[in-house]
Amino acid sequence: MGLEQKLGDMGIVTTSLEKAVNWARSNAIWPMLFGLACCAIEMMSTQASRYDLSRFGMELMRASPRQSDLMIVAGRVSRKMAPVLRNLYDQMPDPKWVIAMGDCASCGGVFNNYAIVQGVDEIVPVDVYVAGCPPRPETLIDGIMKLQEKIKHEPLKKWQ
Amino acid sequence: MSQSLSELLKSALGDAISQVTVFRDEVTLHVPRERIIEVLTHLRDVQQFNMLTDETCVDYYPREPRFGILYQLYSIPRNIRVRVKVMLSEYDASIPSAVPVYRNANWLEREIYDLFGIHFEGHPDLRRILLPMDYQGHPLRKEVPVTVEENAFSFNRARIDATKPYATE
Amino acid sequence: MAIAEPPIRIEDAPLNAVRVDDVQLDITLEQLKKLVSPRALTGETMLLNMGPQHPSTHGVLRLLLELDGETIVSCIPDIGYLHTGIEKTAEGKTYLKVIPLTDRTDYLAPMSNNLAFCGAVEKLVGIEVPIRAQYLRVILMELTRMNSHLVWLGTHALDIGAMSVFLYCMREREMILDIYEAVSGARMMSSYIRPGGLWRDVPAHFPQLVQRVLDVFPGRILEYEKLLKENPLWKERTVGIGKISAEDAIAWGMTGPCLRGSGVNYDVRKAQPYSSYDHFDFSVPLGSNGDVYDRYKCRMEEFNQSLKIIRQAMKRLPPGPVMTDDRKVAPPPKHEIAYSMESLIHHFKLWTEGFRAPEGEVYFAVESGKGEYGVLLSGDGSPKPRRVHFRAPSFHNLQPLSEISKGALLADIVAIIGSIDIVLGDVDR
Ligand code: SF4
């Protein structure tokens with residue numbers, strides 16, 4: 001109604017279902033609030049005053065995995081935390097994506113030792129790796145936009 | 001100042017301390033294991049060292065006795081620090097717990113137990129604290145290698161894939 | 001002994017189920033039963049798990065709460081979900097290369113950790129630091145304290161329900177991060193303080209950046225206080241909650257604002273001044289009740305004291321070098337490397353092999369935003385430390401949580417955790 005009155009008759013828009021669904025999905029990602037270590041502080045800055053992640057349609061951080069579809073693993077994952085992380089991932093509804101934020105989550109970073117999982121991709125499948133220790137907020141935003149790009153090109157159903 | 005402190009403590013504690021060393025203006029009392037509770041109680045009650053700032057373990061491998069338990073004490077009224085050191089053999093790595101004297105030794109000793117495998121007799125709750133409870137071994141001992149990943153910093157995909165596990169959906 | 005088999009293997013176990021039946025556990029069920037009261041075993045009280053993934057635990061702290069209705073009977077903290085093995089990794093690195101690792105322990109106050117470690121190395125090796133570097137260290141330390149307190153205030157207020165304070169605090173924090181970035185090139189992990197001084201001199205626009213903080217900040221502190229200090233909701237949630245007496249706080253080894261909130265006048269900056277803190281005139285705010293509100297008031301007053309110190313240090317900032325001329329630890333200046341072969345070799349040796357420190361143990365403590373941050377360093381005569389141990393203030397401040405929270409309401413535990421200002425990277429290291 002409102003839009004039509006403003007813009008006049010827009011006619012008919014045709015698109016494939018896949019594109020429409022992906023467009024919707026990619027612009028309404030609800031990330032899970034999953035701060036682990038130092039990178040989580042940068043993730044907080046990304047949402048806060050100066051960088052303001054909500055400009056990109058993903059400000060709605062959810063504390064519960066059941067309500068979210070993006071897990072930003074912000075920080076190092078210890079061997080004690082690993083089962084918890086996988087448990088949370090399994091609780092997220094499909095479709096779901098994972099961003100490994102920071103060197104520690106991507107590959108273990110400087111901590112090549114007994115306590116740290118050498119890359120969170122040993123536990124959950126990762127879609128986007130964001131490098132940096134910690135990544136600057138701009139880098140994280142870029143990573144999230146890469147993920148949006150990726151979602152836009154995902155097939156809705158994998159035809160065997 | 002540290003010289004006079006070491007003299008004072010030496011005369012006050014007598015044969016309970018085997019040796020007093022001063023390094024970089026810090027006094028270290030070397031105490032045999034049997035008398036550690038006695039020494040700590042004296043330091044707390046008589047010498048006013050009311051705060052246990054830190055307790056940790058150092059692995060002096062390959063020396064024997066191998067483990068040194070360090071108690072870092074601080075006295076708020078007197079504004080001085082002192083360190084108490086007990087050496088423990090690898091084959092008999094156990095020591096009376098300091099929890100009855102200093103309450104906050106509880107977690108510190110759990111941490112030492114977790115990372116070094118030192119047993120604290122009479123500790124109220126000696127469990128692993130930092131590592132998962134099914135972890136095997138005590139990683140801060142010197143025989144445990146520092147690194148775990150052999151091919152860190154490699155771009156050789158084939159080599160990485162051969163050793164690295166990947167998760168699936 | 002080889003390193004223990006990692007407890008998690010992807011191939012053979014679904015990761016949400018850690019299998020504990022086929023490994024030898026060194027604890028028994030009896031030991032675990034002792035943690036809760038006998039009423040829990042009969043089902044009279046309820047056991048509730050909180051964390052490790054919970055927005056109000058400031059990271060990955062896990063609490064096992066035993067509740068009688070809404071009252072906490074016992075609270076058992078479970079830490080270690082962020083155990084990073086920094087102390088082990090430090091044993092494999094030269095003294096210079098340990099500095100970046102110290103940033104990552106208490107990641108809200110990286111410069112304090114740098115200073116604690118570098119101070120320990122300086123004490124062990126026996127190096128004097130030039131006076132300009134000492135003053136700059138003081139300025140940066142105080143900025144770091146403000147940085148740490150800002151994140152504390154923001155998250156603490158967010159936990160209790162004041163969302164806007166969080167956004168304001170992060171806004172001010174960006175100003176401090178700008179200074180970090182100007183001096184060291186990194187927003188958070190600065191590694192700017194080195195044994196013997198600083199990495200390089202501060203850039204030319206450093207005074208303007210600091211001046212901006214000095215100008216803007218006092219007004220902003222008033223703004224926060226207007227929002228919180230006399231706010232009846234805030235007082236309802238904080239006054240009289242989480243009390244700890246002075247004797248208990250000392251016996252538990254609490255330091256920093258948590259100790260001073262109980263009225264004990266202990267501040268490492270005053271008691272054992274380092275980095276020429278004795279040149280500056282400042283006071284140590286003290287509380288009296290030892291509750292959440294007093295700790296809050298102490299930290300808010302510390303903002304003002306930090307600003308006071310920075311103002312004095314900026315006014316009296318002396319010129320001169322920022323790195324000691326002891327070539328044992330200091331790299332040769334850049335221009336010298338260009339024409340002197342010896343300097344080039346020296347530089348190369350210093351970064352690859354490092355410098356040797358004598359055998360012995362030293363303990364060096366600084367007052368970070370959270371309390372006494374100490375480093376116990378044991379050298380063995382080689383370029384790598386034998387043992388580095390961080391005396392983490394959060395670890396000691398968290399330990400009495402089970403005692404403080406006894407008898408409190410479930411909602412209060414969030415306020416208490418916020419007020420003791422833990423950082424899990426610091427607790428677990
Ligand atoms: S990548 Fe760096 S900043 Fe991020 S968690 Fe690891 S150490 Fe901390």
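Author: A search of the whole structure turns up 14 aromatic pairs over all chains. One of them is C:Y274 with C:F364. Before we go on: this is a predicted model, where local features need pLDDT of at least 70, side-chain atom pairs count only at pLDDT 80 or more, and totals for chains, interfaces and linings use all residues. Residues are numbered from 1 along each chain as its sequence is written, chains are lettered from A and ligands numbered from 1 in the order in which they are written, and side-chain values use heavy atoms, with hydrogens and water left out.

Reader: What makes C:Y274 and C:F364 an edge-to-face pair?

Author: Rings of Phe, Tyr and Trp (its six-membered ring) pair if their centres lie within 6.5 Å, and planes under 30 degrees apart are stacked, over 60 edge-to-face, the rest tilted. Here the centres are 6.1 Å apart and the planes 75 degrees apart, so the pair is edge-to-face.

Reader: Where in the chain do C:Y274 and C:F364 sit?

Author: C:Y274 is in the loop between α12 (268-271) and α13 (292-315) of chain C, and C:F364 is in strand β6 (residues 360-368), 90 residues apart. Helices (H or I, at least four residues) and strands (E, at least two) are DSSP runs, numbered from the N terminus. Both C:Y274 and C:F364 are buried (under 20% relative accessible area, with a 1.4 Å probe and protein chains only).

Reader: How do you know that C:R299 lies over the face of C:W152?

Author: A charge sits over a ring if NZ of Lys or CZ of Arg is within 6 Å of the ring centre and within 35 degrees of the ring normal. C:R299 is listed as over the face of C:W152, at 4.7 Å from the ring centre. C:W152 also belongs to an aromatic cluster with C:W234, C:Y293 and C:Y296. In chain A, A:K96 lies over the face of A:Y89, at 4.4 Å from the ring centre.

Reader: Why is A:D52 called partly exposed?

Author: Partly exposed is what falls between buried and exposed, the latter being over 50%. A:D52 has a relative accessible area of 29%, so it counts as partly exposed. A:D52 also has a positive phi of about 50 degrees although it is not a glycine, and its place is the loop between α3 (38-47) and β2 (70-74) of chain A.

Reader: And what about B:R24, buried or partly exposed?

Author: B:R24 is at 33% relative accessibility, so partly exposed.
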